[in-house]
Amino acid sequence: MRPLRLEVEAFGPFADAQVVDFDALGDEGLFLIWGPTGAGKSFLLDALCYALYGKPAGDRPPSHLHSDHARDATPRVALRFRLGGDEWEV
């Protein structure tokens, strides 16, 4: 499975819609998620797992996934990925 595009909104520290275009990172298939403490790195991984499995990767309860900065917005996570020769979106 190769992630192509991740969209999050009102999820974790991301109040506004944010897009991570994994497809633009190159064909090597290896990339680094880095940034200062509290920047949202773990929430990106939680968003990937939430899109695929309906729950975050760690032991963070689902009630803590909604962004405190977007109280009136509905949390949204969308993931487009390639599996074999097919593309899927969840």
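Author: A pocket here is an open set of grid points, where a 1.4 Å probe fits, with protein on both sides within 12 Å along at least five of seven lines. Keep in mind that this is a predicted model. Its largest pocket comes to a volume of about 260 Å³. There are 16 lining residues, and Phe14, Val19, Val20, Ile33 and Leu44 sit closest to the centre. Two elements, β2 (18–20) and α1 (41–53), each give two or more residues to that lining, with β2 making the largest contribution at 3 residues. By type, the lining splits into 12 nonpolar, 2 polar and 2 charged residues.

Now for α1 itself. The helix has 13 residues and spans 19 Å from first C-alpha to last, close to the expected 18 Å. Its buried residues are Phe43, Leu44, Asp46, Ala47, Leu48 and Ala51, and the cover over them includes β1, β2 and β3. In general, an α-helix has 3.6 residues a turn, so residues three or four places apart point the same way. Just past the end of α1, Gly54 takes a positive phi of about 80 degrees.

Take Leu79: beyond its neighbours within four places in sequence, its contacts include Leu48, Ala51 and Leu52, along with Pro3, Arg5, Leu6 and Trp88.

Terms used
Residues numbered from 1 in each chain as written. Predicted model: local features only at pLDDT ≥ 70, side-chain atom pairs only at ≥ 80, totals over all residues. Heavy atoms only, no water. 1 Å grid on protein atoms, 1.4 Å probe; cavity = no way out; pocket = protein on both sides within 12 Å on 5 of 7 lines; lining within 4 Å. Points joined across faces, edges and corners; volume = space filled by probe spheres on them. Helix = DSSP H or I, 4+ residues; strand = E, 2+ residues; numbered from the N terminus. Nonpolar A, V, L, I, M, F, W, Y, C, P; charged D, E, K, R; others polar. Contact = heavy atoms within 4.5 Å. Expected span 1.5 Å × (residues − 1). Buried < 20%, exposed > 50% of the residue type's maximum accessible area, 1.4 Å probe, protein only.
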